[in-house]
Amino acid sequence: MIASVRGVVTATGPDHAVIEVGGVGLAVQCAPGTLADLRVGQPTRLATSLVVREDSLTLYGFADDDAKALFELLQTASGVGPRLAQAVLAVHTPDAVRKAIANADTAALTRVPGIGKKGAERLVLELRDRIGPVPVGVDGAAGVTGGGWPEQVRQALVGLGWTASQADQAVAAVAETVDGPTPPVPVLLKQAIRLLGRTR
C-alpha cells in the first residue's frame, strides 16, 4: 500500500494532481481544499490511500494523515465508496465530520452531494462509536485557499462532480447575494451546493 508520496507537483487538474516521485509521475485524486494548497513546480507531501478495483488502481491524496484516516473510516460504512468519502472531506473538515457524526447532525451530512437523509442516518448509526475524539468548538466546512473566491468555489463544485456550466451558474447566483464583506469561501461553497441541490 502507498501510505504517502513526497515529490514535486508537475500538474494539477480539477480533481487531481500529478506528483513526480523518483522520476515517476503519480496521479493523485484530491479534494479541492487539498489541491488549492499545491503549486506546480513546488515540493509537497501528501498522505495517500490506494483504492484497488478489478479494473483500476486509484490513489487518493490528503493534506494530512488525519484526513486520510477519516477517508478510510468513512468507507467502512455501507454504501460509501471512495468518491463519496472524498466528497464528504471536500465539504467538511475532518473535525467537522466527526462532530456531525457524534452529534447525529444529519443536516450537516446531507450538505454533501450524494448523501441523503437515510445515508446520513446510516453514517451516524455505523460510525458514531468509532469516530474518535471530537474537538470542542469546531465550525463547518473545509477551507479552500488561493485565487479569487469565484474560481475557488467553481473548482470545488467541478471537483465534486458538477459540470463547469452548472458551477458557473451557481457561482453567478451566489455572487448576486454577496453584499458588503465577502463571506469565507466555505460559506460560499455551501451556498452554491445548496442552490445546485435544488436543481438536481
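K117 and E121 form a salt bridge, with their closest N and O atoms 2.7 Å apart. A salt bridge here is a side-chain nitrogen of Lys or Arg within 4 Å of a carboxyl oxygen of Asp or Glu. Both residues sit in helix α6 (residues 117–127), four residues apart, so about one helical turn separates them. K117 is exposed at 55% relative accessibility, while E121 is partly exposed at 37%. Buried means under 20% relative accessible area, exposed over 50%, and partly exposed in between (1.4 Å probe, protein chains only).

The model is predicted: local features need pLDDT of at least 70, side-chain atom pairs count only at pLDDT 80 or more, and totals for chains, interfaces and linings use all residues. Residues are numbered from 1 along each chain as its sequence is written, and side-chain values use heavy atoms, without hydrogens and water.

The salt bridge count is five. One of them joins R45 and D65 (3.7 Å, N to O). R45 lies in strand β4 (residues 43–53) and D65 in helix α2, 20 residues apart.

Now turn to helix α2 (residues 65–74) and helix α4 (residues 94–102). Their axes come within 9 Å and cross at roughly 40°. D66, A67, L70 and L74 in α2 meet P94, D95, V97, R98 and I101 in α4, contact being heavy atoms within 4.5 Å. The contact residues comprise six nonpolar, no polar and three charged.

D66 is partly exposed at 33%, whereas R98 is buried at 10%.

Key
Axes fitted to C-alpha atoms, helices over the stretch in contact; angles between N-to-C directions. Helix = DSSP H or I, 4+ residues; strand = E, 2+ residues; numbered from the N terminus. Nonpolar A, V, L, I, M, F, W, Y, C, P; charged D, E, K, R; others polar.
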